[in-house]
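Have the viewer open and follow along.

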Amino acid sequence: MNGFVDQVVIHVSSGHGGAGSVSFRREKYIPKGGPDGGDGGKGGNVLFEVRRNLKTLTHLRNLAHYMAQNGLPGSGRQRHGSDGNDVIIPVPPGTLIKDRETDEVLLDLLEEGTYRFLEGGIGGKGNTHFATSRNQAPRFSQEGMEGHERDLRVELQLIADIGFVGLPNAGKSSLLQSLTAANPKVAAYPFTTKIPNLGVASIHNTEFILADIPGIIEGASQGAGLGLRFLKHIARTKALGFVIDVSEEADPEAVFEQLKSELSQYDPELLEKPRIILLNKIDLPEAREKAKEIMKNGFKGEKVLGFSAFARIHLPEVLQGFFELLDPNSQPATFGFAVPEWITKASNEPD
Ligand SMILES: Nc1nc2c(ncn2[C@@H]2O[C@H](COP(=O)(O)OP(=O)(O)OP(=O)(O)O)[C@@H](O)[C@H]2O)c(=O)[nH]1
Ligand SMILES: [Mg+2]
């Protein structure tokens, strides 16, 4: 997933400058006034705007033409033509703007802000500017300058914000499927997922990328199963979601310890990442009871939430949980972690 590249090919153009005007004053009783042609307006610019709440390029249309407006021509009475509107292309931090042919990097957009990429053409001067003692009635003005255009490749390296870890069959892919438009394979046998899947979720106007990786089994850190190959993929995520199936016989705390042990054997820093424990399959009565119990008694001081990917129970809470992991300064949970009542109050919970 760290190597996943999001890219779109676009064409951009800045606006042409408007033409200067050729015009002469016409006033009652004054047969021939002097020149009064106004200047043309400036063409709009092409700007990139880095916005931190974007994480992907999905809002850009492939092969689209992003076009700034042309400046309008000047007119009589020294009226200046209006400037063309800029075209503003929003992108996430980390976006590269490359020349489509040569692949040369033209802009490397990391910091939030607005970056001028193509300047619009300046407007032409009206005939007012060209009056001289020899030619008091110039019958010419300037054309506007042409704008610029370019074929670009917009590229972004996708890095997941939250990586899901869990045993095979815990419901990691199901969770990704229920929170995002991603459509990973889900099935009732272990190792359904063979390569990582990414999806984009959003809450509070903020996008974030979720990554579902193959199940981790005992010995994964030593290469058992598919785990090892993919543990490196979660090394760059900002936070982890431990998905635990509480419909299983196994003690959830023991499962959690096993997962942590595999992660730390691979790289102890993985345990430094902010994390949340997600107890899945609470649509099943026994699992629900177990989750309630855990919510009441706590889970080793961890943030813990019960949910069901399948029955879509408490998915907003899961998203809110991710949001808070990524932004510790965010408002405290609207659905607090410490308050277990929601398990019984949820309106979409079957009973
Ligand atoms: N009852 C119930 N079953 C679920 C729920 N979520 C997932 N499942 C089922 O659990 C099984 C495994 O789901 P997956 O999403 O494929 O699990 P995974 O963790 O991605 O598994 P691997 O890719 O093999 O590691 C499937 O049969 C799902 O339908 C849930 O909320 N409730
Ligand atoms: Mg899976």
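What follows goes from the whole chain to a few local spots.

## Ground rules

This is a predicted model, where local features need pLDDT of at least 70 and side-chain atom pairs count only at pLDDT 80 or more, while totals for chains, interfaces and linings use all residues. Residues are numbered from 1 along each chain as its sequence is written, and chains are lettered from A and ligands numbered from 1 in the order in which they are written.

## The whole chain

The chain has 6 helices and 14 strands; these are DSSP runs numbered from the N terminus, with helices being H or I of at least four residues and strands E of at least two. Of its 351 residues, 43% are buried. Here, buried means 20 or more other C-beta atoms within 10 Å of a residue's own, exposed means 12 or fewer, and partly exposed is in between, with C-beta atoms placed from the backbone.

Take the contacts with a separation of 6 or more: 72% of them come from residues 24 or more positions apart. Two residues are in contact if their C-beta atoms, placed from the backbone, lie within 7 Å.

## The nonpolar core

The largest nonpolar core holds 67 residues, and Val165, Leu210, Ile244, Leu278 and Leu279 touch the most other members. It lies between domain 1 (1-158) and domain 2 (162-345), because both give residues to it. A core like this is a set of buried Ala, Val, Leu, Ile, Met, Phe, Trp, Tyr and Cys residues joined through C-beta atoms within 7 Å, and domain bounds come from an automatic or database assignment.

Leaving out residues up to four places away in sequence, Val165 touches Ile213, Ile216, Ile234, Leu240, Phe242, Leu259 and Leu263.

## Around ligand 1

Ligand 1 is surrounded by 25 residues, with Gly171, Ser173, Thr193, Gly215 and Phe310 the closest. To count, a residue's C-beta atom, placed from the backbone, must lie within 6 Å of the molecule. Helix α1 (residues 172-179) gives the most to this shell, with 3 residues.

## A hairpin

Strands β5 (residues 95-99) and β6 (residues 105-109) run antiparallel, joined by 4 bridges; pairing takes at least two DSSP bridges. Lys98 has Val105 in β6 as its bridge partner. The two strands form a hairpin with 5 residues between them, and Asp103 in the turn has a positive phi of about 70°.

## Ala235

Ala235 sits in the loop between α2 (227-234) and β12 (239-245). It's partly exposed, because 14 other C-beta atoms lie within 10 Å. Ala235 touches Asp267 and Leu270, not counting residues up to four places away in sequence. Ala235 and Asp267 are 32 residues apart in sequence, yet 8.1 Å apart in space, C-alpha to C-alpha.
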